[in-house]
Amino acid sequence: MGLKIRQARAIAAASAFALASAAHAQVATAPAIDADDIGGVVSGPKGPEAGVWVIAETRDLPVRFIRIVATDDQGRFVVPDLPKASYDIWVRGYGLVDSDKVKAEPGKSLSLTAKIAPDDAAAAHYYPAIYWFSMLKIPGADQFGGKSDIPEKIKQTDWLNLLKNNGCVGCHQLGQLSTRTIPKSLGEFASHEEAWLRRVQSGQAGESMVNIIAGELNAVPVKYFGDWTQRVANGELPKSKPQRPQGEERNIVVTLRDWMTEKHYIHDLIASDKRNPTVNANGPLYGSPEYSSDMMPILDPVKNVATTFQMPVTADTPEALGPGHAASIDILEPSPYWGSEKLWTSRANNHNAMFDAKGRVWMAATGHPPQNPDFCRKGSEHPSAKVAPIERTNRRVTMFDPKTQKYVALQTCFGAHHPQFGFDKDETLWLSGGGAVLGWVNTRIWDETGDVQKAQGWTPIVLDTNGNGKRDAYTEIGKPAEEGKDRRIQANFYAIMPHPTDGSVWGSIRANPGAVVRVQPGDNPSETAVAEIYNVPMPGFGVRGGDIDKKGVVWVSLASGHIGSFDRSKCKGPLNGPKATGNHCPEGWAFYKYPGPGFEGLGDNSAESSYYTWVDQHNIFGLGEDVPMSTGNLNDGLIAFKDGKPITLRVPYPMGFYAKGFDGRIDDPNGGWKGRGLWAANGDRTPWLIEGGKGSKPLAAHFQLRPDPLAK
């Protein structure tokens with residue numbers, strides 16, 4: 001009996017060994033690669049490492065070049081289509097620490113060994129910022145309403161709105177290593193609370209930070225930020241752990257190139273025409289440096305070359321600093337990284353750009369001083385000035401033609417922030433940033449006449465309060481309602497979204513709770529445009545950037561930790577009239593929670609603080625038409641929502657990737673996944689805070705979706 005048992009055990013052991021050997025042999029088989037690929041297998045002490053990243057980086061090219069892929073279920077990987085160079089290759093993943101770097105050139109197969117993190121602290125070093133930021137304590141509901149030092153008018157949602165995407169995280173990522181720790185160069189302090197009070201005064205954005213922290217919130221947040229970084233310094237770790245990429249997340253290829261300089265940031269970039277994403281195929285990317293510089297960065301992703309173009313302004317154009325701007329003339333306190341050096345010097349203030357059908361780049365920028373021409377002002381015969389005269393504006397519209405290198409500054413009367421082309425025969429460029437008006441440039445008229453006065457117009461935002469279907473005499477902003485009259489509202493458009501089919505123009509209103517506004521221009525927009533407003537209902541709040549899909553559904557980033565959608569076709573009651581004041585269509589709203597942990601004590605929430613949302617109307621990325629996507633500003637990447645479920649397009653290296661917008665382009669409609677992709681700039685105002693520290697340049701990221709992790 002004993003012999004038979006021993007024989008059975010021996011047979012079982014032999015079978016198990018044979019199965020394990022077969023499995024090991026299967027895992028150890030490197031995938032087939034081409035001469036411009038690097039492939040191989042990643043293994044750890046327990047076998048293949050699935051869903052970890054393999055990073056290839058080189059500085060042999062004119063720009064720093066990084067390409068990142070994820071491993072499949074068997075630990076296999078293919079880094080495809082690499083330019084000829086020598087690369088550092090290593091493995092990064094959750095539960096690991098970085099592996100040793102190995103040198104390789106395209107055409108090489110590698111066996112890489114993953115390094116298991118020795119403890120939870122070492123593993124947590126690689127977690128996205130949201131896992132650390134969610135450790136920040138939020139004052140309980142019992143602390144609001146005049147029951148503490150928090151100003152009585154501030155609600156808990158106001159607090160979150162200002163700490164998240166419409167305040168602190170609206171400029172830079174919080175939670176990465178540089179912000180969850182206090183740099184020694186900041187100075188010596190008795191407490192972390194004192195350190196934070198000094199920290200927010202640093203550099204040219206110090207005034208803006210102080211206005212939020214010490215002004216609107218009465219300096220109360222410094223106590224909570226100090227408590228947060230003190231607990232981190234004491235060794236406290238995030239309570240949740242990120243999951244490795246799953247499903248389609250393993251099919252993503254991320255390519256990064258650096259451009260601009262270590263001292264200047266890039267707010268955003270543009271790659272193509274949103275209406276026709278084959279415009280500028282394989283062409284350069286154009287960056288918007290906003291306050292940081294008048295040098296427009298240009299990146300050629302084919303040649304891997306970065307250049308700049310000096311945006312001209314008139315001699316009397318002042319720097320874009322001080323009142324009306326988010327950058328200051330004076331530095332309150334020295335930066336712990338740059339001291340009292342003045343880094344931001346822009347006068348053009350190029351915030352955002354869009355391609356037109358001819359391949360020209362139209363920008364929200366300026367070339368003139370703020371004082372408006374006479375035709376914009378009171379007493380002018382301009383149709384729009386008769387309705388709403390405008391005396392001054394800080395940022396206008398400029399145009400750059402890459403073919404001719406011609407740069408033109410249009411002296412628009414209204415302000416500009418985000419430009420977006422309509423779908424009409426006039427190629428109308430609509431612009432947010434006008435404050436109390438909505439402005440546009442008829443580019444057909446501009447091309448035909450060169451007359452900036454004739455080509456532009458603007459209109460106040462007026463609700464059809466009397467409900468007769470047209471715009472009539474209206475009460476002005478802030479004035480009491482009058483029977484029979486319509487009502488003008490202060491609707492400062494942030495995002496701008498021309499409807500693809502019905503001619504309307506939508507805008508997002510940054511506020512708590514915030515809103516979306518629809519404007520139907522009519523035949524003579526200055527006098528006939530009629531608006532509708534739809535406020536965000538709970539649990540959503542804190543609108544920032546947004547976009548519209550081909551069906552007319554509006555999608556917005558929310559400080560509540562959701563992407564919100566508004567579908568006007570679902571509204572049950574009247575869309576205009578005395579009761580259509582903003583809260584009349586909650587049924588049009590839907591909310592989808594962003595991934596990542598939330599703050600304790602607030603129920604089911606995400607600490608994600610998304611800056612902007614963009615809709616893939618043309619299936620550029622490969623997840624389908626009309627897929628909404630948001631900047632995952634604390635998730636180190638972008639977040640797509642396919643059938644309501646989030647898919648994270650993560651940039652695992654360098655940690656701290658933070659986008660303020662993104663674009664899609666199809667370089668080759670017949671090229672499969674290789675011929676299309678998304679482009680985004682690392683738009684953090686402080687590029688020296690990302691992994692790599694001082695000396696790091698802004699990055700342009702290209703996201704592509706393969707059919708499987710080994711496609712080449």
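Which helices and strands each supply at least two residues of the lining of the second largest pocket? In this predicted model, the helices are H9 (383-387), H11 (452-455) and H12 (525-528), and the strands are E21 (428-431), E22 (437-442) and E23 (456-460). H11 gives the largest share, three residues.

The second largest pocket has a volume of about 560 Å³, and 32 residues line it. Asp-426, Thr-428, Trp-430, Trp-440 and Pro-525 are the lining residues that lie nearest its centre. Sorted by class, the lining consists of 16 polar, eleven nonpolar and five charged residues.

Elsewhere in the chain, helix H4 covers residues 156-163. Is this helix enclosed or exposed? Buried here means under 20% relative accessible area. Seven of the eight residues of H4 are buried, so the helix is largely enclosed by the rest of the structure. The buried residues are Thr-157, Asp-158, Trp-159, Leu-160, Asn-161, Leu-162 and Leu-163. They pack against three helices: H3 (129-133), H7 (206-216) and H8 (221-233).

The average pLDDT of the protein chain is 95, and 96% of the residues score at least 70. Among the elements, strand E3 (residues 53-58) has the highest mean pLDDT, 99, while helix H1 (residues 2-28) has the lowest, 40. The pLDDT is below 50 over residues 1-26, and this stretch has one contact in the model beyond near neighbours in sequence.

Key: Residues are numbered from 1 along each chain as its sequence is written. This is a predicted model: local features need pLDDT of at least 70, side-chain atom pairs count only at pLDDT 80 or more; totals for chains, interfaces and linings use all residues. Side-chain values use heavy atoms; hydrogens and water are left out. On a 1 Å grid over the protein atoms alone, a cavity is a set of points where a 1.4 Å probe fits but cannot get out, and a pocket is an open set with protein on both sides within 12 Å along at least five of seven lines; lining residues have an atom within 4 Å of a point. Grid points are joined across faces, edges and corners, and a volume is the space filled by probe spheres set on the points. Helices (H or I, at least four residues) and strands (E, at least two) are DSSP runs, numbered from the N terminus. Ala, Val, Leu, Ile, Met, Phe, Trp, Tyr, Cys and Pro count as nonpolar, Asp, Glu, Lys and Arg as charged, and the others, Gly among them, as polar. pLDDT is the predictor's confidence in each residue, from 0 to 100. Contact means heavy atoms within 4.5 Å. Buried means under 20% relative accessible area, exposed over 50%, partly exposed in between (1.4 Å probe, protein chains only).
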